[in-house]
Amino acid sequence: MLEIEHLAAGYGRDSVLHNVALAVRQGEIVALIGANGAGKSTLMKTISGLIAPRQGEIRFDGRRIDALSSARRVELGIAHVPEGRQIFPALTVAENLRLGAYATPLAAAAMAERIAAVCRPFPMVLERLDEPAANLSGGQQQMLAICRGLMSAPRLLMLDEPSLGLAPLLVGEIFRIVAELRARNLAILLVEQNARQSLAIADRGYVLEGGRVVMSGPAADLLANPDLAEKYFGVGGSVEAGDGRQALARRLKVILEP
Amino acid sequence: MLNAVQIIIGGLLQGSAFAIVALGFSLVFRVTGVVNLSQGAFCILGAMAMYFLQVDFGLPLIVAAAGSAVIGLAFGFVCGAAIFVPALSRLPMSAMLMVTAGLLTFMEGLILVIWGNQSYALPPFSREAPVLIGALRVPSQGFWIAGISAAIVLGLWWLIYRTGFGVALRACAQNPLAARLMGIDLNRITLVSFALAAAIAAIGGVAIAPLTTLQFDSGRFLTVYGFIAATIGGLGGMAGSITGGLALGVAEQVAAGYLSSLFANALALLILLAMLLWRPRGLFASRREARADVPTQRRVQRAVVRIEGGGAWGFIVALVILLAALPFLVPTGLMASLTIAMILYIAVLGLDVLMGYAGQISLGQAGFMAIGGYAAAILATSYGWPPLAGVLAGMALSLIAALILALVTMSLRGDYLALATLAFGLLIDSLTVGLVDITGGPSGLVGIPAFSIGPWAFATPRSMYYLALTLAAILAAALYGGMRSGFGRALQAIRADPTAAAALGINVSRLKVAAFAIAAMLASLAGSLYAFNFHFLSPDMVDTPHSFETVAMLVLGGEGTLVGGLFGTFLLTLLPTVFQPFALYKTMVEGGLLIAIFMYLPEGMLGRIAVLLSPRHARREVGSHDDARA
């Protein structure tokens, strides 16, 4: 559904992405793994049209979209839930949701239906429609941000760090919801600090380093990769990943012997 | 008692006008975070268009009023699309303020070219006699103003809170990045708000024109009063703008009614300073919708490009020789203009320390020129002080004024200093005109002697030129050394990043005050020399347009270069003399230049030359970019 080839992008004079290739197919969760500054968020911004690519192609349903405005891409079915929630704090929850469908205008009745449908897994959001979004807690705001992203009835949903700054219990909740969304045949591109957890629910994964894709494959293979375990899954993670005992030993050695 | 009620009614009427301007301010500020100084000029454009359509063209009232609003809207769209929106995506906030100042100047110049410099008064909308309520007289126009204000407020409220466009507009105000992700075209919303604010201002101008006389440059007063009103209310809110406008109007009229109109002007400035000091977010601070991701001031500033290495010394020596020889090279008719340019350069030099090195903006440089000029002139004519003592007294006075102004505003956001200096300059304008007994009022002071030190008198333009050249050279050399000392490096650190500078242990406020004081004293010196040169001083020689002019001269030449201002000063002073027909277009061209330089030649003429001369040494431009608009 989404195909990216030879993509290069950046800010001002600084290049961030180099020759990136990536694909997301219908109904699959694809995890993007990488350290801070690897270019994960930049990649998402390039896909949603906040940044214009320098080179390369972005295709959606086989059609090139890299020259289209953000609004057109939303119309075509790409929704981007940005890092840090980015809700509109002084607008009501309902107004936030309606803005989610700004690029795909709906009549009043259809709008009410859409809000009800989108918020079904999030009853809390429905209860607080008339309150300013700023009144919601961090976790609730994240859910609102996801609902808002779903309001345009996207076929590709990009989630940038949906668990950022949330309590551990809520993080689990977010991952459960993401898995549920896939069941609706949505394609999901997921960026998470918690690489292990995101690969656990993903079908495939890509690893970004210095703006380049250095590894990609089925999520299970990536989870089992000892190099990745050492770099991205943390000490505990590599143990759970199974084959990581040697990696753990190596890691401990690095830590203990200066 | 009756009188008091009458005054308050007058204040509310005047306040409605301020409120309308403030509403336009708030609309643009809310979406972009920019204080749009051109707001008041759109009022005048509306009023002038009304005069043209109604009086010259004989159209019926309603048609003419609607036509004026459309003209305001259309002009707003053009300015927004050609200038405001493109500038917003590539300039830091401080430069945006100057772009809107340029737009204000440009529009004043345009109105001057089309309608001339006479005052216009429109006939009232309806010719009924003032309505008597009890013993109170309310002019019929008052009801029109109240009705129009109410209609604007209701219309705006409906638009912002009851339409899809309004939700999108508020979304952009709160979080531009997320708004773009929703598929909202941020530039379109910005453009529509800007044009809408222009139309509101035009309608406001139409409504108030029958109660007062307006001319091409009345816009800046409306801008300042509208801004003060918006500040009282807390920039960005509708209710605050209206309350702020009405409160300011009543305060003004009460002060004018019981004390003097002169005091009323001073009161407005004092209110602004008090607000900036104690409640910079307005009286209704909690109601303000904060922007989630946009810092109030973008920190990264452009690096200054300078000529470096051996080429610089050759350049300076050649320049000094050229300047010394210039009086023998030009026709005698140009001598007077050369002298004026040289004197103005001293004021521009001071401004360069403030703008080019410390990164602050002053729109009140001419105010300090007025202080220096009038102090020296009055002391010399009425008290027989020697000119040099008068010059020093003027500089001391300017220093005191600068310190007071700076101490109040220095700890605040950069833009506020610019606005406070603008208000200061306008206050000085009204003082020089209003204190007739001391300054001679609008007709000015005559019989100022030539400048002299002991037995040496500088009575001819040529001798004044060499005096100014010598002073400028000494000052430039001293500042050149100063800017390479710890003091200068600290100033440049502040310009680059005030927070990082403070973290390094630099006392940011103190250094900014010092830079401001230097700028004020040099302006004062230039003002004194001005008075001695002309043997005459009138308010319009040192009024606020000259503040804008010094800024234009500086940025045209190149900020942060010390010598750059010389090019801008000579160009803008000599051009109108050489091309006489150009004189009428001077204001307009200056405004246009200000906009164009900020947008297309931010390094100025000398900066450009430096880049061409020494590509190897030219430092890379550090542009500040904004992800949300990238």
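The axes of helix 5 (residues 140-162) of chain B and helix 8 (residues 186-208) of chain B cross at roughly 170° and come within 9 Å. Axes are lines fitted to C-alpha atoms, for helices over the stretch in contact, and angles run from 0 to 180 degrees between N-to-C directions. Helices (H or I, at least four residues) and strands (E, at least two) are DSSP runs, numbered from the N terminus. Helix 5 of chain B contributes Trp144(B), Ile145(B), Ile148(B) and Ile152(B) to the contact. Helix 8 of chain B contributes Ile200(B), Ile203(B), Ala207(B) and Ile208(B). Two residues are in contact if their C-beta atoms, placed from the backbone, lie within 7 Å. By class, the contact of helix 5 of chain B with helix 8 of chain B has eight nonpolar, no polar and no charged residues. Ala, Val, Leu, Ile, Met, Phe, Trp, Tyr, Cys and Pro count as nonpolar, Asp, Glu, Lys and Arg as charged, and the others, Gly among them, as polar.

The model is predicted: local features need pLDDT of at least 70, side-chain atom pairs count only at pLDDT 80 or more, and totals for chains, interfaces and linings use all residues. Residues are numbered from 1 along each chain as its sequence is written, while chains are lettered from A and ligands numbered from 1 in the order in which they are written.

Helix 5 of chain B also packs against helix 1 (residues 2-32) of chain B. The angle is about 25°, and the axes are 10 Å apart. Helix 1 of chain B is therefore roughly parallel to helix 5 of chain B. The crossing of these two helices is left-handed. A crossing is left-handed if the near helix is turned anticlockwise from the far one by less than a right angle, and right-handed if clockwise. On helix 1 of chain B, the contact residues are Leu13(B), Ser16(B), Ala19(B), Ile20(B) and Leu23(B). They meet Gly142(B), Ile145(B), Ala146(B), Ser149(B), Ile152(B) and Leu156(B) of helix 5 of chain B. Eight of the contact residues are nonpolar, three are polar and none is charged.

Helix 1 of chain B has a further partner in helix 2 (residues 39-56) of chain B. Their axes lie 9 Å apart, at an angle of about 130°. The two helices are therefore oblique to each other. Helix 1 of chain B passes helix 2 of chain B in a right-handed crossing. Val21(B), Gly24(B) and Phe25(B) of helix 1 of chain B make the contact with Gln39(B), Gly40(B) and Cys43(B) of helix 2 of chain B. This contact has three nonpolar, three polar and no charged residues.

Chain B is divided into domain 1 (2-262) and domain 2 (310-614). These bounds come from an automatic or database domain assignment. The C-alpha centres of the two domains of chain B lie 32 Å apart. Between them, 26 residues of domain 1 of chain B are in contact with 27 residues of domain 2 of chain B. On the domain 1 side, helix 3 (61-88), helix 4 (93-115) and helix 9 (219-233) of chain B each give two or more residues. Helix 4 of chain B supplies the largest share, 16 residues. The domain 1 side divides into 19 nonpolar, four polar and three charged residues.

Between the chains, 21 residues of chain A are in contact with 19 residues of chain B. Helix 2 (70-76) and helix 3 (93-100) of chain A each supply at least two residues of the chain A side. Helix 3 of chain A gives the most, with four residues. The chain A side comprises 13 nonpolar, six polar and two charged residues.

The predictor gives the complex an ipTM of 0.82 and a pTM of 0.80. Chain B has a mean pLDDT of 83, and 90% of its residues reach 70 or more. Over residues 286-301 of chain B the pLDDT is below 50. Residues 617-630 of chain B are also below 50. Where pLDDT is low, the predicted coordinates should not be read in detail.

Note on methods
Angles under 35 degrees count as roughly parallel, over 145 as roughly antiparallel, 65 to 115 as roughly perpendicular and the rest as oblique. pLDDT is the predictor's confidence in each residue, from 0 to 100.
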